[in-house]
Amino acid sequence: MAEKMNITIVYIDDDEKMKEDAFLDDICDQVDEIHYFQKPSEGLAFVKENIDKDIVVILDWKFNSSTLQGDDVLRDIDEVSVLVPVIVFTGASIDATEANKMFKGNAFSCVPKDSDTDTLVNAIRNAYNRIQNDIRSVMEKWILKQNPEKRNKPYMRSGDKVYTLNDILVSIRRQDEFGKETTRGILSLATELFTNNMREK
Amino acid sequence: MENNNPSILHFKFDVSTFRLLGRELITDRITALFELVKNCYDANAEKVDITFESLNPLSDKSRIIIRDDGLGMTFEDIRDKWMVIGTSSKRRKKTSPEPYNRVVAGKKGVGRFAVDKLGGKLVMRTKKKGASVWHCLETDWTKYSEEEDRQLKLNFDENQEEQKLFTDIDNKYWTEPGDENVQGTILEISSLNDVWLERDVIRAYRELSKIVKPTLNVKYPFGIKFHVPEYKAYDDRPVESLVLAKATLSYTLNYRFDADKKKYYQEFLEENKGRLIVKEKEAEIFGPIGFTIYYYDQEGKKNFTKEDRIDGIKVYRDGIIATPFAEYKASRDEQKDLFGIDKRRWSGFFERLSTRDIIGWVDIKDELNPEIKDSTNRQDFVDTKEWSSLKDFVINQIHQIELYLKHQKDDRKKENAERLKKADTDIDDIKRKINRIKQQSFFASPEVESELNDITARLGEIKQNVSASTKDYERMEEDKRQQENIMFSLVSLQAYAGQISHILRISIGIIKRSAEFVAKWIPLGQKQDKSVKHARRIFDEMNNLSKAMNFMLSYAEDDSTFEYFDIRNAIKELFDDRYHYLFEEEDIKAEYVVEDDFELSYNKKAFQDMFGNLIDNSVKALRNTQDKRINCSVYRENENLVMLFSDNGPGIPEENRDRIFDVFYTTTADLGGAGLGLYIVRTRLNSIKGTISLEPNVFKPTGATFKIVIPLMH
């Protein structure tokens, strides 16, 4: 049995038939939760409300019934947090223009709809690994572990601005200037510590 | 001073600076005028008056006066902004002050140098509302050029002390008393450089008409008026947007409030027998709206420049664009087609209008249309049912225009054909008349007779030509009809081929993963229930695939096997043979009435498949109905065969009514519905110029009724 992933799958697809797809029945024991949404707007709302969970989004690309299309959803998720991996799952043929939209929207990967379950599960596992290993996700998780009261108190100063842990969390998720700077800072600090250790030995 | 500190040097501006700037950025006097008017627009002016005095010949009375009612300037504005070269607050701010929020037109901050192209002297008077004086500034560009000329004559080694810099030249400032309620800026340009001929004024007029954009925010209009006493045609003449004036069709729809009934009534367009009529009905759920639409044919489109292009329908809320994301994008593909005008199948083909053919705007109000909300990312509207019905309204209005245009085109064709026929009979008429003259005028000279004979002979030739042309014309029309038919089939087939690959990919994926599931879990003896479910799914999907395949195959066959067949028989076969068993099994009372005898030239099997799809749908819809009924009646209406097909199932909910003909749209996925049936019916019908629509249900209280119309002479 494969290692269990502590993630919530959010599957958005306007084809209701896909709600019963075998891949969902197959992975249901390998993940924490699975939520299916037919409407992109509802899927988005769920992601926003549950942003503190580790979410992997599986996203249909062409929506017949909605003005929101795959790229719109990608962009909206990105605005909430760049740390949520989105796997595009599509039956459409993907040409350079469409691929460009995916790259631009930070899609994590793209899986054609005629793939077997393993391909899809692999994509999910890769996304899970990114959540585990990405320094930004690690920072996010560390902040979320702190008690809520502490998270709202001033934590550090940068330039003339004071940041609480929650501010930092939002910055990291959105990867704004401060978020990027903090990420870079922590990375070089970690590298520094690691190499220092080597020298001392 | 800087001389005391040799380690620091400062730039100085030579007096010719203004010429360099002007020459670089403003190429001619029309552009110069254009730049100055753009500044008025950016200052939130609603009215600009341009007066040309004594243009030809030039005298010391020659003047160009540009007067606007914009925000005006304070003394500080003049000193710190107007007099500082290159400052452009507009470069920092992309829209003009509230509440106009105009997208600023001038961005270079050099509009003031434009004056030099028009004339040597500028007197600017400007004031803000509430101020009691006009601030007046005189800039005499001739002083600059005189200084420049003087310096050019000097030798390098002559005394440099005398050399004045750009910044050394004095500009006179004074104030004049003014009315506190007035605001605006007046630029009075004299010492004009060139004579303005009438055609120069025309050019200026045409150029300025581009500023008055069709997409302009209507709540805050921007009007320009010309005053040219010398050229009467342009005296006291408002500048109209050429673009709007040249629209092939334009409609403005309003609404009104009926105080007695306490209801809003909405105007809408409806095509009726070749006329486009404005009617009124109770406002829909999205609330009353203003709707303005302009349509351009090929001729009308020629008036557009690249920037001023035709780009579909926008939404304004309380006079301010609510859809900035739908604004101009350099790449057309990135521009949002808010109403899905181009997403309609085959848009651009045949009689479909696209966003390249129309400009328009929907005016909504916060108070009247509260459910039309911007989504938080400001990229769209929230997907409410009000928004979706507003979209339907707009699309439907465009469709009415399409119907009207099509009717016009058909009428023109008819007219041409009739004209040719009339020419033919006219010639016969003339011939008869000449014969009469010949018979009656026995006194005619031999010369006249020979002339008359010649005329008769030539008329004969003309008649032959006209007859030949008439035949050619008819043949051409017939060819075109056939080509259109083929095109319809091809386009529908092409659209279908694109979608079928999508369906195949999805179906194959579903089958593959379900099969994988069964193969994985059955040997382990786990997840038994789910394995059964997925085995069933494989079977259902396979059925969908074979349906799609059969449709594809029937397409491959059908065009080659057109035949005349009897409709009554075809329907009888369906109801009494093909579906008889199923009706009995499901306990459905199925009836059909064929009022007349018809023969239709079409592929019989394709025709029956169409009905088969409708029957399949009804059977599924009726699964929870007690007293199950299906009814089909066939009758003739004008040149059309009409078939009404009804069941007494739960009916189709309002919100799904527009989607049911879309490919993949299904509410019966659980019963193996692939969402192909109605799509196939519609494509099929379209290929023979037939239509299918949803009608008010015949069975009460619930049910669904489809109306199929097939032209008998296609």
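**Close-ups of chain A**

**View 1. Two neighbouring strands, side by side.** Ile58(A) stands opposite Ile87(A), which sits in strand 4 of chain A. Strand 3 (residues 55-59) and strand 4 (residues 86-90) of chain A run parallel and are joined by 3 bridges. Strands here are DSSP runs of E with at least two residues, helices are runs of H or I with at least four, and both are numbered from the N terminus. This is a predicted model, where local features need pLDDT of at least 70, side-chain atom pairs count only at pLDDT 80 or more, and totals for chains, interfaces and linings use all residues. Residues are numbered from 1 along each chain as its sequence is written, while chains are lettered from A and ligands numbered from 1 in the order in which they are written.

**View 2. The whole sheet.** In chain A, 5 strands make an open sheet, ordered 2-1-3-4-5, with parallel pairing (a pair needs at least two DSSP bridges). Strand 2 (31-37) and strand 5 (109-112) of chain A are the edges, each pairing on one side only.

**View 3. A helix on the sheet.** Helix 2 (residues 40-49) of chain A lies across strand 1 (5-12), strand 2 and strand 3 of chain A. Helix 2 runs at about 155 degrees to strand 1 of chain A (angles go from 0 to 180 degrees between N-to-C directions, with axes fitted to C-alpha atoms, for helices over the stretch in contact).

**View 4. Two helices packed together.** Helix 6 (residues 135-145) and helix 8 (residues 165-174) of chain A pack at about 155 degrees, their axes 10 Å apart. That makes the two roughly antiparallel (over 145 degrees).

How values were computed
Parallel < 35°, antiparallel > 145°, perpendicular 65-115°, else oblique. Contact = placed C-beta atoms within 7 Å.
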